[in-house]
Amino acid sequence: MPTVTIDSYPVEVEAGATILDAANKAGIWIPTLCYHPAVSHPAICRLCMVELDRGTWKQLVTACNYPVRRDIVVSVSSEAAAGARRGVMELLLARAPESKPLQALARRIGVEKTPYPAVSKTQRDCILCGLCTAVCEEVIGRAAIGFSGRGQTRAVSAPFRQPAENCIGCGACAAVCPVGTIQLRFHEKEGEIEISPFKTRAKMLACKQCGARVASVPVVEEALRKAKIDWKKFKEITQLCAKCRRKAAASQLTDVAAMASQLGYLGGREPVASGGKSKTRPVGGRKSRAGK
Amino acid sequence: MAKDTVAKEELIDDIVRRYDADVGMLIPMMQDLQAECGYLQVDQLRRLAGRLDLPLSRLYAVATFYASFRLSPKGRHEVTLCVGTVCHLKGAGAISEMIQKEFQVEAGGTTPDGLFSFQPVNCVGACALAPVMIVDGKYYDGMGPDSVRKILRGLPMEEGAAERKARK
Amino acid sequence: MTVATTKRLLSPADLQGMREELLARESPSAKCVRVCIGTGCVAKGSRRVYELFAEATKEVGAKAEAVKCVGCHGFCERGPIVVIQPGNVFYQRVEEPDVAEIFRETVVGGRVVERLLYQDAATGAKAKTAGEIPFYKAQQRIVLAHNGEIDPTNIEDYIAVGGYSALAKALATMTPEQVLSEVERSGLRGRGGGGFPTGRKWRSCRDAHGSPKYVICNGDEGDPGAFMDRSVMEGNPHAVIEGMIIGAYAIGSSLGYLYVRNEYPLAVQHLRHAIRQARDLGLVGEDILGSGFSFDIRINRGGGAFVCGESTALMASLEGRPGEPRAKYVHTVEHGLWDKPSNLNNVETWANVPTIINRGGDWFASIGTAKSKGTKVFSLVGEVVNTGLVEVPMGMTLRRIIYDIGGGVKNGKAFKAVQTGGPSGGCIPTQFLDARVDFEELTKLGSMMGSGGMIVMSEDTCMVNIARYFTNFLRDESCGKCTPCREGLAQMLYILDHITHGEGQPGDIERLEALGELLAGTALCALGKTAANPILSTIRYFRDEYDAHIMDKRCPAKQCRGLFRYSIAVELCKACGLCRKHCPVDAIAGEKKVPHVIDQQKCTRCGMCLEKCPFNAVVKV
């Protein structure tokens, strides 16, 4: 197992783990924005820069996706690394000047304000981190939204800027958005949930008993579609006493718990933007790539 | 109407078959589609996405990422202006400005009367002939604002090569 | 262009037999008219010239093969180019009315038409053949050896000059390991810009785990001003194909991709045709030349994105996705196209391979400098007298290339800088003209070799404007995925726009340098990392121009509108009154017979007077 000496502190990690994994193990905090354990890590935001000591020269690399394959020496707190992170944050603040979560993160790494003017047009402080599109494609398996354009015109949108056809109104995109750009809006009168700013709406299912709206209709349909009920197992369960039924159920639940933990719902990171508990639970959890 | 839809579906099937439904050939497929229809229509892209089992968002991402794709109909003629370094040094910038101002067309767009679509590109590899303009596939070398103005004003309003192809 | 036989070649002996048959058919004194149909000459009407020669040939009853289409000679400014055999008579700037005379005088009569020969501007000497032209004399053509000689749409021409003999040699007499060693020994380095040792890349791919393995050709030549690859793909497509098959054999790949940018339709056409002809002869496909080795090639096209020249972006494009690069902590030779081991090389790199196999790695390594072996094709363009493609051994000085071959700066202007390496490169000023061109040397000077673009700039070029041009280019072409490139380029352009409009602020240079450093350290791919090079190199060598723009609101090169003044030269003014009539702010005073004067207080520097003056009496000061 290779050793990562991070800010002079050695930690052993599995081969193929990232520098960020090593930092987490060592208890050293590195700021991130586009990183999320449940999706692939393309290291888009460039905030998690650290300095790799290669002996004769030093190299700035992104911690969230740099694979550790042999013993390496990393500095998180060097001036070059800290300076790089501050520089990137200043550019992000220029891009998303109104975002409170971004400003809070900026202050945490020592950036009070940005010296740059706002020169890029943005949709409501979007920093183009790609977490929403990644969650929709890899976790939900829908790819209802995606990136469009290139460079200055790059934006997250539903195809043709129409309400997304594939969207099931699960709200996972809002749950992972680190800067609060994506918001869930409830329209009581129509009984619909809206994913803003994608203009997509889905009907909410009303509880047959009390009328409370908890999940969207397409989410429920998707759950029913994906859930496979094993009638044979069900029959076996009916042959057990209550105590033994509980034991059987508990062993099944460990899988779900692992999934939920991965998504950050059990004592890990809380979803930042939805202000606490999210109103809908994301369905699924298996990484899937729509199409290929 | 139904016949038209069938023709459109056959076109998609044809294109998919041409490339063995190889997803890696998506860009050439979309280029062939655009060559047939003049531009990329939503319905056609939806059909293509379905045939290839890809989400529509992927095709939209590709259509908006690459400069050669257009999502709205193009003009009767296609005008391409090279704005590579050498052409720029020889005044392509001024030519581009003149075209945009006098013909009221933006880069990548079409004139209000639909006469031509204007696309600046970054280097067509004919640097010795700078500045270079291509109209409906025909190359013009050593261009200046006056010579370009003359050529564009002389473009016939009747069907040009671009439209003829789209009609086929 | 006919193919004598479509019988499959089942062994190296078959190939050799075909070659001998073709050579026997041709007489060295046979008459042949070679008309260039490269994009440059076509733009000047060479297709029509070809048609006229074909008609003339038919009329006298000669065989059709007497008139041939050939690929780009590289001297595009002098096109259309027509070469007459026997004698290799080199005619330039041939127009339709000239055809009849050439046919009558040279083809039939064996005489030379003097006025169509190249004439040296300095000495007045006329050159009968290409070899006598200074532009070609100092060149060493290995990659471009057969450009202008063979018909790129006829595989027989390629075979007749020895084509596919390297492939036969490799398959029949060498193991993959031996082929690999030969390329390693040659010292060949990537010609697309990276300069990575080709043999080492092949070996890493060969050693990587995973199957299938892919070989890829990067034909996305996006650097503006560079058209070397276009000329090779159009003029000698088989050289690239042969190189790829040999590489695939060495690496252990059975499928290759040729990725050609969308803006090169003729290259796509010729490559497609070439592959078809090669496949018909069995040089591509199953059991090539009876060796048991099988390999196929597919062509894929770009969609119009400069960033797709970057290897990971190219592979994303080959997977039908937007061309966004990815981190290279895991190399593409291990996980590339479809996550499989992939070896990507540039067009010119592949085109060098057959010659290396035929003449040996040691021979290749004997050319060039200690660390940069072989020749390099440069596209010498801009304010130079002779514009075109130049192939020279690595290590030739900039001065030799620009002056001896290029003929110096046009119109007697002073040399200011030469820009190399495209948008990732920099500008090299006069004091380094004696620098020897190789990978390390150009990097040391703050530029880079890049793909080979060499843009000559004269005293009339504003270097700040050049920096602005490249920054604008990169901002348009940035994929936009990572923060520093996307936002940083927009911020740098914002500053440069202000500077070139007379609104620069003290501290702007430091701000640009800080952004440049940030991009170099934090951008995701090479486009972003090197994006500030044009700015940094012009600051390094032309800081005085930046200072003039920022502090004095003045453009020393008199290019940036509003940052220089106009004045009327008294001795040239004919008092015609045109300038006064067109001045939008009535800033010009004068009457009949009295030289006109511009009131600098009122003048808005719009430039209308200079445009309108028929006597060139309005000058920039």
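A polar contact here is a pair of N or O atoms within 3.5 Å; within protein, one must be able to donate a hydrogen and the other to accept it, and residues adjacent in sequence count only if both atoms are side-chain atoms. Keep that rule in mind.

Ground rules next. This is a predicted model: local features need pLDDT of at least 70, side-chain atom pairs count only at pLDDT 80 or more, and totals for chains, interfaces and linings use all residues. Residues are numbered from 1 along each chain as its sequence is written, chains are lettered from A and ligands numbered from 1 in the order in which they are written, and side-chain values use heavy atoms, with hydrogens and water left out.

Chain C and chain B. Contact means heavy atoms within 4.5 Å. Chain C brings 53 residues, chain B 34. Together they bury about 3,300 Å², that is, accessible area (1.4 Å probe) that two parts lose on being put together, summed over both. Carbon and sulfur atoms hold 58% of it. Between these chains, 20 residue pairs are in polar contact, both residues at pLDDT 80 or more. On the side of chain C that touches chain B, α18(C) gives the largest share, six residues. Helices are DSSP runs of H or I, at least four residues, and strands are runs of E, at least two, numbered from the N terminus. By class, that side of chain C has 22 nonpolar, 16 polar and 15 charged residues. Nonpolar means Ala, Val, Leu, Ile, Met, Phe, Trp, Tyr, Cys and Pro; charged means Asp, Glu, Lys and Arg; the others, Gly among them, are polar.

Now salt bridges: a side-chain nitrogen of Lys or Arg within 4 Å of a carboxyl oxygen of Asp or Glu. Four cross from chain C to chain B. Arg561(C) and Glu97(B) form a salt bridge at 3.8 Å, N to O.

Chain A and chain C. Here 31 residues of chain A meet 30 of chain C. The buried area is about 2,500 Å², with 57% from carbon and sulfur atoms. Which three residues supply 26% of the area that chain A buries against chain C? Arg46(A), Leu91(A) and Arg150(A), more than any other three. Arg150(A) also forms a salt bridge with Glu477(C), closest N and O atoms 3.3 Å apart.

Last, a sheet in chain C. Its four strands run in the order β2-β1-β3-β4, open, with mixed pairing. Pairing takes at least two DSSP bridges. β1 (residues 32-36) and β3 (residues 82-85) of chain C are antiparallel, joined by four bridges.
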